[in-house]
Amino acid sequence: MGLRARLAKEESGFTLIELVVAGTIAAFVLTAVTFALSQLSKGRNIARDRVEAFQRASTALEALRREVSSTIRSDDLFETRFLLTTREASARTGGYERSDLLLFNASMRPTRPVEYQGEGREYETQFRVEDDELGSAIWRRRDFMPDDTPDGGGTAEPLADGVVGFLVEASDGEAGWRTEWDSDVDGLPKLVRMTVIATGIPLGGERNSMSAEVTLRTAVAVDRVIGPKEDPPPEEQAPTTDGSGGATAQN
């Protein structure tokens, strides 16, 4: 075979089988790269949603802890209020238990200038989870003047978005935890345990099986009113004796 024939054979290009094999390998590589990038993006989104869910649950739980810690303590039950009711998990509540908590508390920081004396520092405070077109959120209603209708009045505002579960349990320190409590009958509880479940779904977003959820829990001790300490009785001093062996009285 001459030189011209060999060069013509070498320049004839790839065969059909070679092209098919190369295309198959390229398709496999492209599929693997696409899958890896999609998994990386999905993992990043899940991590972002989980961080958002944690921040929402932490914000709600910290606010709840402050409010319950400042519950008004008094021996007079007319000056106190701690009313706890809980809705059972159902499709209407998204499959989560949701508590409704009403209490009388005192703010730890003033909401008005000190020279303003039109309102006291005692409040009616109520918490509940509600759903709307943007999703679920835990709401706080606050009335700046305790009155004869503690379950109404005041203003309401969302405390944290994305909260889907809110469970409050109370205990007298001796029996177990209860999800129903009325201070008019049971007095103030000694311990309050709160559980918050939040998601990282953006406002108006749809929930799915991959939605991140975070559950946080804390407990607060509600110290009872302790009476003043009584003065201890004076100690009796033992009589002393003089040099003659007789006892002498102490002045």
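Guide: Gladly! Along the sequence, the protein chain runs in the pattern α-α-β-β-β-β-β-β-β-α-β-β-β-β. That makes 3 helices and 11 strands. Please keep in mind that this is a predicted model.

Visitor: What share of the residues is buried?

Guide: Of the 251 residues in the protein chain, 31% are buried. The accessible surface is about 16,800 Å², and carbon and sulfur atoms account for 56% of that surface. As for contacts between residues at least 6 apart in sequence, 58% join residues at least 24 apart.

Visitor: How do you know that helix 2 reaches close to its expected span?

Guide: Helix 2 covers residues 16-69, which is 54 residues. From its first C-alpha to its last, helix 2 reaches 79 Å, and 80 Å is expected at 1.5 Å a residue. The two values are close.

Visitor: Which residues of helix 2 are buried?

Guide: Among them are Ala53, Arg56, Ala57, Ala60, Leu61 and Leu64. Here is a handy rule: an α-helix has 3.6 residues a turn, so residues three or four places apart point the same way.

Visitor: Why is aspartate 49 called buried?

Guide: Aspartate 49, which is in helix 2, has 18% relative accessibility. Buried means under 20%, so aspartate 49 counts as buried. Beyond residues up to four places away in sequence, aspartate 49 touches Gly200 and Ala212.

Visitor: How many aromatic pairs are there?

Guide: A search of the whole structure finds 1 aromatic pair. The partners are tyrosine 123 and phenylalanine 144, with ring centres 5.3 Å apart. Rings pair if their centres lie within 6.5 Å, so this one qualifies.

Visitor: What makes the pair of tyrosine 123 and phenylalanine 144 edge-to-face?

Guide: A pair of aromatic rings is described by the distance of the centres and the angle of the planes. In this pair the planes are at 85°.

Visitor: Where in the chain do the two partners sit?

Guide: Tyrosine 123 is in strand 3 (residues 122-132). Phenylalanine 144 is in the loop between strand 4 (135-143) and strand 5 (155-161). The partners are 21 residues apart, and the pair links distant parts of the chain.

Visitor: Are tyrosine 123 and phenylalanine 144 buried or partly exposed?

Guide: Tyrosine 123 has 1% relative accessibility, which is under 20%, so tyrosine 123 counts as buried. Phenylalanine 144 has 22%, between the cut-offs of 20% and 50%, so phenylalanine 144 counts as partly exposed.

Visitor: What lies over the face of tyrosine 123?

Guide: Arginine 142 does, at 5.0 Å from the ring centre.

Visitor: How do you know that threonine 125 is buried?

Guide: Threonine 125 is found in strand 3. Its relative accessible area is 0%, under the 20% cut-off, so threonine 125 is buried. Leaving aside neighbours within four places in sequence, threonine 125 is in contact with residues including Glu67, Leu101, Asn105 and Arg141.

Visitor: What makes the link between threonine 125 and asparagine 105 a polar contact?

Guide: The two side chains meet at 2.8 Å. A polar contact needs a pair of N or O atoms within 3.5 Å, so this distance meets the cut-off.

Visitor: Why is tryptophan 139 called partly exposed?

Guide: Tryptophan 139 lies in strand 4. Its relative accessible area is 28%, which falls between 20% and 50%, so tryptophan 139 is partly exposed. Its contacts, leaving aside neighbours within four places in sequence, include Phe127, Glu130, Ala156 and Leu159.

Visitor: How far apart are alanine 156 and tryptophan 139?

Guide: They are 17 residues apart in sequence and 6.6 Å apart in space, C-alpha to C-alpha. Alanine 156 is found in strand 5. Not counting residues up to four places away in sequence, alanine 156 touches Trp139, Arg140 and Arg141.

Visitor: What makes glycine 176 partly exposed?

Guide: Glycine 176 has 45% relative accessibility, between 20% and 50%, so glycine 176 counts as partly exposed. Its place is in the loop between strand 6 (163-171) and strand 7 (181-182).

Technical notes. Residues are numbered from 1 along each chain as its sequence is written. This is a predicted model: local features need pLDDT of at least 70, side-chain atom pairs count only at pLDDT 80 or more; totals for chains, interfaces and linings use all residues. Side-chain values use heavy atoms; hydrogens and water are left out. Rings of Phe, Tyr and Trp (its six-membered ring) pair if their centres lie within 6.5 Å; planes under 30 degrees apart count as stacked, over 60 as edge-to-face and the rest as tilted. Helices (H or I, at least four residues) and strands (E, at least two) are DSSP runs, numbered from the N terminus. Buried means under 20% relative accessible area, exposed over 50%, partly exposed in between (1.4 Å probe, protein chains only). A charge sits over a ring if NZ of Lys or CZ of Arg is within 6 Å of the ring centre and within 35 degrees of the ring normal. Contact means heavy atoms within 4.5 Å. Accessible areas come from the Shrake-Rupley method with a 1.4 Å probe; for residues, only the protein chains shown count as cover. A polar contact is a pair of N or O atoms within 3.5 Å; within protein, one must be able to donate a hydrogen and the other to accept it, and residues adjacent in sequence count only if both atoms are side-chain atoms. The expected span of a helix is 1.5 Å times one less than its number of residues.
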